Amino acid sequence: MKVAVVGATGMVGEVMLKVLAERNFPVTELLLVASERSVGKKLTYNNKEYTVIGLADAVAAKPQIAIFSAGGDTSLEWAPKFAEAGTTVVDNSSAWRMDPTKKLVVPEINANELTKDDKIIANPNCSTIQMVLALSGLHKKYKMKRVVVSTYQSVSGTGVKAVKQLENEMAGIEGDMAYPYPINRNVLPHCDVFLENGYTKEEMKLAREPQKIFNDKSFSVTATAVRVPTSGGHSEAVNVQFENDFDLAEVRQILSETPGVVLQDNTATNSYPMPMFAHDKDEVFVGRLRRDESQPNTLNMWIVADNLRKGAATNAIQISEYLIANNLV
């Protein structure tokens with residue numbers, strides 16, 4: 001299996017290489033791809049050194065799979081070129097997510113929709129992935145009506161410049177700013193850019209992507225996305241109103257049986273999900289389950305995941321594993 005990792009020098013690219021190695025992904029030839037300024041750089045994978053190549057050379061090499069994490073503009077320009085060469089692209093940017101001709105995939109939920117004809121497959125937004133995975137079994141059982149989500153997103157979701165900003169501020173060092181304000185000892189109700197409707201792009205991703213993943217527009221999502229001074233892991237407070245009433249014991253059972261979800265929900269022992277426990281793990285952690293006493297059929301829950309792993313790299317690699325296992329590449 002000839003595999004290209006596009007954006008190999010970035011934060012998500014580095015995690016992709018780590019996850020590929022951990023999962024013993026069947027790589028026979030690995031192409032590490034980045035922008036022209038990184039061409040020639042050396043990277044290590046499985047104790048072997050590789051030289052970073054450019055996008056044109058990677059297309060010419062005709063890998064079976066190209067996993068992209070190089071930004072939307074790069075994906076819009078280059079994913080079709082890989083696809084024309086016969087490569088199946090799994091794209092981590094927002095470029096193709098809402099394109100009606102492209103699948104938006106969380107493997108545990110809708111990988112069975114994939115076919116050999118799907119040459120560009122979109123990886124959902126990191127915050128979307130953890131939310132829909134936690135809600136998938138509950139939606140099947142009780143049917144979601146409305147979801148209100150408030151996120152607590154780490155600076156790693158912005159990139160290496162934001163992580164450096166937080167580290168600098170904690171150390172009292174002046175440096176480049178990824179955000180318009182300090183992030184240390186602060187929270188910013190501002191993830192991505194603001195749109196005309198007053199929401200940010202991140203908030204609208206959370207509103208629209210779940211409907212596409214579930215192929216269901218009968219429920220609605222409204223979001224407030226907030227950046228917090230943690231270096232890794234996204235957290236979400238989710239309030240979900242169902243069409244049908246639920247039993248909390250059954251909710252816990254459904255969550256504990258959902259693939260990829262770990263239930264951490266014991267207030268007697270202060271057991272609840274936190275970014276420090278989700279770090280470097282592929283699971284989505286769910287806890288603080290309680291009935292919303294202000295309206296019927298409504299559940300409050302707290303969802304945490306490592307945004308660079310299940311929120312990005314791991315989900316893309318799981319899609320690739322599904323493609324191989326089902327002879328779709």
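This tour moves from one selection to the next through a predicted model.

**Stop 1: helix α1**

Select residues 11-22, helix α1. Check its length. Its 12 residues should span 16 Å at 1.5 Å a residue, and the end C-alpha atoms are 17 Å apart, which agrees. Now colour the buried residues of α1: V12, G13, V15, M16, L17, V19 and L20. What lies over them? The cover includes strands β1 (2-6), β2 (29-33), β3 (42-45) and β5 (65-68), together with helix α10. Step just past the end of α1 to N24, where phi is positive, about 50 degrees.

**Stop 2: Y50**

Go to strand β4, residues 48-51, and pick Y50. Is Y50 buried or exposed? Y50 has a relative accessible area of 17%, below the 20% cut-off, so it counts as buried. Show what surrounds it. Beyond its neighbours within four places in sequence, Y50 touches L30, L32, K41, K42, L43 and Y45. Then draw a distance from Y50 to T222. The two are 172 residues apart in sequence, and their C-alpha atoms are 44 Å apart in space.

**Stop 3**

Most residues other than glycine have a negative phi. The next two selections have a positive one.

Select K62 in the loop between α2 (55-60) and β5. K62 is not a glycine, yet its phi is near 50 degrees. K62 has 54% relative accessibility, over the 50% cut-off, so it counts as exposed.

Jump to D280, in the loop between α9 (275-278) and β13 (284-291). Here phi is about 70 degrees, again positive and again not in a glycine. D280 is partly exposed, because its relative accessible area of 35% falls between the 20% and 50% cut-offs.

**Stop 4: the largest pocket**

Which helices each supply at least two residues of the lining? They include α1, α3 (72-84), α7 (201-214) and α10. Helix α7 gives the largest share, six residues. Colour the lining by class and you get 16 nonpolar, 21 polar and 10 charged residues.

**Stop 5: N125**

Select N125, in the loop between β8 (120-122) and α5 (126-142). Its relative accessibility is 4%, under the 20% cut-off, so N125 counts as buried. Show its contacts next. Setting aside neighbours within four places in sequence, N125 is in contact with R97, E202, K205, L206, E209 and G311.

**Stop 6: helix α10**

End on α10, residues 309-325. Draw a line between its end C-alpha atoms. They are only 21 Å apart, short of the 24 Å that a straight helix of 17 residues would reach at 1.5 Å a residue. Where does α10 kink? Zoom in on N315: a kink of about 35 degrees is centred there.

Colour α10 by accessibility. The helix is mostly covered, with 13 of its 17 residues buried. As seen at the first stop, α10 is part of what covers the buried residues of α1. N327 follows α10 and has a positive phi, near 55 degrees.

Note on methods: Residues numbered from 1 in each chain as written. Predicted model: local features only at pLDDT ≥ 70, side-chain atom pairs only at ≥ 80, totals over all residues. Heavy atoms only, no water. Helix = DSSP H or I, 4+ residues; strand = E, 2+ residues; numbered from the N terminus. Buried < 20%, exposed > 50% of the residue type's maximum accessible area, 1.4 Å probe, protein only. Contact = heavy atoms within 4.5 Å. Expected span 1.5 Å × (residues − 1). Bend = angle between axes of the 7 residues up to and from the residue. Nonpolar A, V, L, I, M, F, W, Y, C, P; charged D, E, K, R; others polar.
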